[in-house]
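How do the helices of this protein pack against one another?

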Amino acid sequence: MANPMEQFEIKPLINLELGGFDISFTNSSLCMVSAVVAASLIFGFCLRKRTIVPGVAQSIPEGLYSFIHNLLLENVGKDGLKYFSFIFSVFLFVLFGNLIGLFPYSFTYTSHLAAVGSLSLTALLFNICIGIKKKKLGYLRTFLPRGIPLALAPLIVPIEMISFLSKPFSLTVRLVANMTVGHIMLKIIAGFIAGLGIFGIVPFLFDAGIIVFEIFIAMLQAFIYTVLSCIYLGDAIHEH
């Protein structure tokens, strides 16, 4: 049986080095590019003939647009709509990364701490920039909410800072853990199919059921990641 962890190994496809740093184009990079290209092609195809009364194809991108639009309104408010492009891009990047990883011989970049962690840190830095731009020095109130006595600052500030810095960690671990566990299960069960011969139909059916479940998980995790990103953006914009 093949090692179920091999599917998470990053392999260089084009070896590149710049200033002593390895910047090779890997299977992870290929799937990230594939996710962007796939999203662009699907949206381009669905919106090639736009009508006032949308058909099935046009309803897909419009439905996703309305979905993220409503998430921002509910969790951030009207002030958050100006950041729609960023949140929408994050949602599509995670969603397509989750789904592409379900195809044979592909790579699930959302199962790697480096990829998802970088995205989460980017979202954190984005929120910090937005918060400073909107609140100026008042952004420091993030670490000492109004109504807290100044005498408690030595206790409250470290707690708030730890809570603040844990946001990208929680975003990353939740997504990575779900994607990793699901793909390991698929690989292990798939290993029994060929080995059992005619009786392999049983694990095959079980594996097919898990794939359907994994599709649901892929969409659910993209939703959760986006909702939490909206909530954290709302915290950066609004007063405590």
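What follows covers the overall fold, the helix contacts, the cysteines and three further residues.

## Basis

This is a predicted model, in which local features need pLDDT of at least 70, side-chain atom pairs count only at pLDDT 80 or more, and totals for chains, interfaces and linings use all residues. Residues are numbered from 1 along each chain as its sequence is written, and side-chain values use heavy atoms, with hydrogens and water left out.

## Overall fold

The protein has six helices and four strands. Both are DSSP runs numbered from the N terminus: helices are H or I with at least four residues, strands are E with at least two. Along the sequence the pattern reads β-β-β-β-α-α-α-α-α-α. The C-alpha atoms fill a box of roughly 70 × 50 × 45 Å, taken along the principal axes.

Of the 240 residues, 39% count as buried. Buried means under 20% relative accessible area, exposed over 50%, and partly exposed in between, with a 1.4 Å probe and protein chains only. Contact means heavy atoms within 4.5 Å. Among contacts with a separation of 6 or more, 65% join residues 24 or more positions apart.

Axes are lines fitted to C-alpha atoms, for helices over the stretch in contact, and angles run from 0 to 180 degrees between N-to-C directions.

| Helix pair | Angle | Axis separation |
|---|---|---|
| α3 and α6 | about 155° | 9 Å |
| α2 and α6 | roughly 40° | within 9 Å |
| α2 and α3 | about 120° | 10 Å |

Angles under 35 degrees count as roughly parallel, over 145 as roughly antiparallel, 65 to 115 as roughly perpendicular, and the rest as oblique.

Start with helix α3 (residues 84-100) and helix α6 (residues 201-237). Their angle makes α3 roughly antiparallel to α6. The crossing of α3 and α6 is right-handed. A crossing is right-handed if the near helix is turned clockwise from the far one by less than a right angle, and left-handed if anticlockwise. On the α3 side, the contact uses I87, V90, F91, V94, L95, N98 and L99. On the α6 side, the residues include I215, M219, F223, T226, C230 and L233. The contact of α3 with α6 has 14 nonpolar, four polar and no charged residues. In these counts Ala, Val, Leu, Ile, Met, Phe, Trp, Tyr, Cys and Pro are nonpolar, Asp, Glu, Lys and Arg are charged, and the others, Gly among them, are polar.

Helix α2 (residues 56-75) also packs on α6. Here α2 is oblique to α6. The crossing of α2 and α6 is right-handed. F67, I68, L71, L72 and N75 of α2 contact F223, T226, V227, C230, I231, L233 and G234 of α6. Nine of these residues are nonpolar, three are polar and none is charged.

Now the pair α2 and α3. Helix α2 is oblique to α3, and their crossing is right-handed. L64, Y65, F67, I68, H69 and L72 in α2 meet F84, I87, F88, F91 and L92 in α3. This contact divides into 10 nonpolar residues, one polar and no charged.

## Cysteines

How many disulfides does the structure hold? It holds zero; a disulfide is a pair of cysteine sulfur atoms within 2.5 Å. The sulfur of C129 is 18 Å from the closest cysteine sulfur, in C230, which is too far for a bond. C129 is exposed, with a relative accessible area of 53%. C230 is buried at 0% relative accessibility. C230 belongs to the α6 side of the contact with α3 and of the contact with α2.

Leaving aside neighbours within four places in sequence, K167 contacts Y232 and D235.

G117 lies in helix α4 (residues 113-135). G117 is buried, at 13% relative accessibility. G117 and F169 are 52 residues apart in sequence, with their C-alpha atoms 7.2 Å apart in space.

I42 sits in helix α1 (residues 27-46). I42 is partly exposed, at 38% relative accessibility. I42 and L144 are 102 residues apart along the chain, and 46 Å separates their C-alpha atoms.
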